[in-house]
Amino acid sequence: MGRLVFFSFLTIFSFLITFYDVMIPQKQVMALPLSTDSRWIVDENGQRVKLACVNWVSHLEVMVAEGLSKQPLDGIAKRILSMGFNCVRLTWPVFLVTNDTLGSLTVRQSLQSHGLLESISGIQANNPSIIDLSLLDVYQAVVSSLGNNNVMVILDNHISKPGWCCSNFDGNGFFGDQYFDPDLWITGLTRMASMFKGVPNVVGMSLRNELRGPKQNVNDWYRYMQKGAEAVHSANPDVIVILSGLNYDKDLSFLRNRPLNLTFSGKIVFEVHWYGFTDGEAWKNGNSNQVCGRVVDNMMRVSGFLLDQGWPLFVSEFGVDQRGTNVNDNRYLGCFLSVAAELDLDWALWTLVGSYYLRQGVLGMNEYYGVMNWNWCEARNSTFLQQISVLQSPFQGPGLSEANPHKVIFHPSTGLCVLRKSMFEPLRLGRCTESEAWNYTPQKILSVKGTYFCLQTDDLAKPAKLGIICTDSNSKWETISDSKMHFSSNASNGIAVCLDVDSNNTIVTNTCKCLSRDNACDPESQWFKLVNSTRSSAMTKPLSQMNSILNFPAKDFHGSF
C-alpha cells in the first residue's frame, strides 16, 4: 500500500510539472522599436526588453570590427547569440563618418596603412567579401549580419580620433578637447543616426563614451548632451538615446536636482560604467563585505538613484579578467552580479574581443577581458558565461507576469539559485529557472510561497532544511555584514550560523565568515541575494499546488523535510 501511495504521489507530481511546463507562456518576439516606460526599456507592445549586451570594438585605428581576420562574420554573430547575448554595443569613432578620406578607405587599405599583412590574409580567408569594401560599408555589414541573427545593436560613439580609449589627456575626453569638436560630433551623430534609420535591429545610440578630463563640467554636459540627444532623435526618432555621465561615466549625480530639458520623451536611457578597477585595488586590499557595502552605497548615490526617479540605467560596461587570476576582479564580480540581479539592470559586458588587429602599438594583442579566446574560436571562460547567464533574462518589468511577485535566492558567485529538486532531497543550488518562489516576511522568515514550508537551520555544518514550525529562532534569517548578503540564523545550540554552500552545491549552515576586517578572507560562498521576480519557474507552481491538492494541514506536520 505504501508503495502505491508513493507511486501515486510521484504521478501527481509529474503531472503537475508537465502541466505547468506546457502552460508557461512562450517568450514573445519583441516588437521594435524600443522606448521607455519609467525605469524600464520596453518594446512597441509595452513588454519589457532587457538589454543583455556584449561590447564589440570597432573604434581603434583600423576602424574594422575586431575578429574578422579570425572567424567569419556570420559565425561571430551566431556565437554572440549562442552565448545568450541579445544585443551588441558596437563602437565607432566620429572620424569614421566625418572624415571622408578615412571613411572611404577599404579594409585592405586600412590594414596596409598599419602594416597588418597577416590580418589582411586572415580577412581574405574568413571574410573575403569585405576585404575591398569601404570601412563604412563594412560597419554596415556587421550591423546587418547581427540583424540577420536577431541581435540588437546599440551604436556607441566611443571616441573621435580612432584609437584606444581612454585617458584624461588623449584629446578625446570632453567637449573642446583637441579632437572633440562639439559641432563635428553633432554632425557625426546625425550622419550615423540617418544612416541606420529604418534598420530595425539598430535600437539605440550612445552619444559618447566616458566623458572625462580637466575640461569636464556640468554646464557644458547639459549644453552639448541635450544638443546631441535632439540631433539623434530628429534624424532617427526610433532609437533610444543613451547618455553617459562624467568622470569616465561613473558620475550622474548632477541629474538628481537638475533634469534634462528635451523636446521628446520616452526614449532617454542613462548609462554607467562599473569595473573592479573603478575603485583601484580596494577589493584586493580590503575586506570584501565592507568594500562591497561602501561601493554599492556610492554607486546608488551617484547613478543608481535614477532608477527611483523613473529612468532606465544601463551598465554599458562591466567586466573582469577572464583568466580568473585577478583577485581584485574576482571579488568585485560577486558584488556586481548581486546588484545587477537585485536591480534587474540592463547591461553590456566588456568585451566580446578575444584579440585585436592592433592595440596601443601591439599587433594581435590578447584581450583577457574578452569572452572569446585569442583566435575567436571558443569561449575563454565557460564558467563565467554560466555565472552571468541568469542575468540575460529579466526578473520583472512591464508585461512580465508569468507568476505572482515573489523572491528567488540568488547565489552570485555561481550564478545559481536555491532550489529543491524534490521533496526528498536537500536544498541545493541550481538553475534559477527552476527555483522555488520564496517569501521573506517582516518576521525575517524565508518561506516557500504558497506553502507551509520555511527555511530552517539544523546545526553547524549540516544541510539547511524546510520545516513547518516557523516561530523558533532557527527559522529567522537576518541579513548581516556590510554587503547585506550574509543570511544568519541560530542553530539548535544557539550559535549564530550563516547560509553557505558545500562542495556539492548543497545548502548548509556554517560559522559566518569574513564579516569584517579580514582582508584575505573570501566570503562569497556565503553571499546570497533576495531578488524580486515575476518570472515563472518549473518548480514554483507544482509545489504550491501540491499543498492544496494533497490537503496537508499544518497540524499534521511535526518535523522537517
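This is a predicted model: local features need pLDDT of at least 70, side-chain atom pairs count only at pLDDT 80 or more; totals for chains, interfaces and linings use all residues.
A residue counts as buried when its relative accessible area is under 20%.

- Strand E3 (residues 52-56) and strand E10 (residues 346-349) pair in the parallel sense, with three bridges between them.
- Within that pairing, Ala 52 has Trp 347 of E10 as its bridge partner.

**Strands E5, E6 and E7**

- E5 and E6 run parallel and are joined by four bridges; here Leu 155 stands opposite Met 205 in E6.
- On to the next pair: strand E6 (residues 202-206) is joined to E7 by three bridges, and these two strands also run parallel. Gly 204 is the residue that stands opposite Ile 240 in E7.
- In a regular strand, side chains alternate between the two faces of the sheet.
- Which residues cover the two faces of strand E7 (residues 240-243)? Ile 240 and Ile 242 lie on one side, Val 241 and Leu 243 lie on the other, and all of them are buried.

**Helix H2 against helix H7**

- Two packed helices are described by the angle between their axes and the distance between the axes.
- For helix H2 (residues 73-82) and helix H7 (residues 135-148), the angle is about 50 degrees and the axes are 9 Å apart.
- H2 and H7 are therefore oblique to each other, and H2 passes H7 in a right-handed crossing.
- From H2, the contact draws on Leu 73, Asp 74, Ala 77 and Ile 80; from H7, it draws on Ala 141, Val 142, Ser 145 and Leu 146.
- Sorted by class, the residues of this H2 and H7 contact are six nonpolar, one polar and one charged.

**Helix H11 against helix H12**

- How do the axes of H11 and H12 lie, parallel or oblique? Helix H11 (residues 288-308) and helix H12 (residues 327-342) have axes that come within 10 Å and cross at roughly 45 degrees. The two helices are therefore oblique to each other.
- The crossing of H11 and H12 is right-handed.
- On the H11 side, Ser 288, Cys 292, Val 296 and Met 299 take part, and they meet Arg 331, Cys 335 and Val 339 in H12.
- This contact of H11 with H12 divides into five nonpolar residues, one polar and one charged.

- Strand E23 (residues 496-501) and strand E24 (residues 507-510) pair in the antiparallel sense over four bridges, and Val 501 stands opposite Ile 507 in E24.

**Two loop residues**

- Pro 412 sits in the loop between strand E13 (406-411) and strand E14 (416-419). Is Pro 412 buried or exposed? Its relative accessible area is 0%, so Pro 412 is buried.
- Leaving aside residues up to four places away in sequence, Pro 412 touches Gly 334, Leu 337, Ser 338, Gln 387, Met 485, Trp 527 and Phe 528.
- Pro 412 and Ser 401 are 11 residues apart in sequence, and their C-alpha atoms are 24 Å apart in space.
- Phe 169 has its place in the loop between strand E5 (152-159) and helix H8 (182-195). Phe 169 counts as exposed, because its relative accessibility is 70%.
- Between Phe 169 and Ala 341 there is a separation of 172 residues in sequence and 36 Å in space, C-alpha to C-alpha.

Conventions. Residues are numbered from 1 along each chain as its sequence is written. Side-chain values use heavy atoms; hydrogens and water are left out. Axes are lines fitted to C-alpha atoms, for helices over the stretch in contact, and angles run from 0 to 180 degrees between N-to-C directions. Angles under 35 degrees count as roughly parallel, over 145 as roughly antiparallel, 65 to 115 as roughly perpendicular and the rest as oblique. A crossing is left-handed if the near helix is turned anticlockwise from the far one by less than a right angle, and right-handed if clockwise. Contact means heavy atoms within 4.5 Å. Ala, Val, Leu, Ile, Met, Phe, Trp, Tyr, Cys and Pro count as nonpolar, Asp, Glu, Lys and Arg as charged, and the others, Gly among them, as polar. Two strands pair if DSSP finds at least two bridges between them. Buried means under 20% relative accessible area, exposed over 50%, partly exposed in between (1.4 Å probe, protein chains only).
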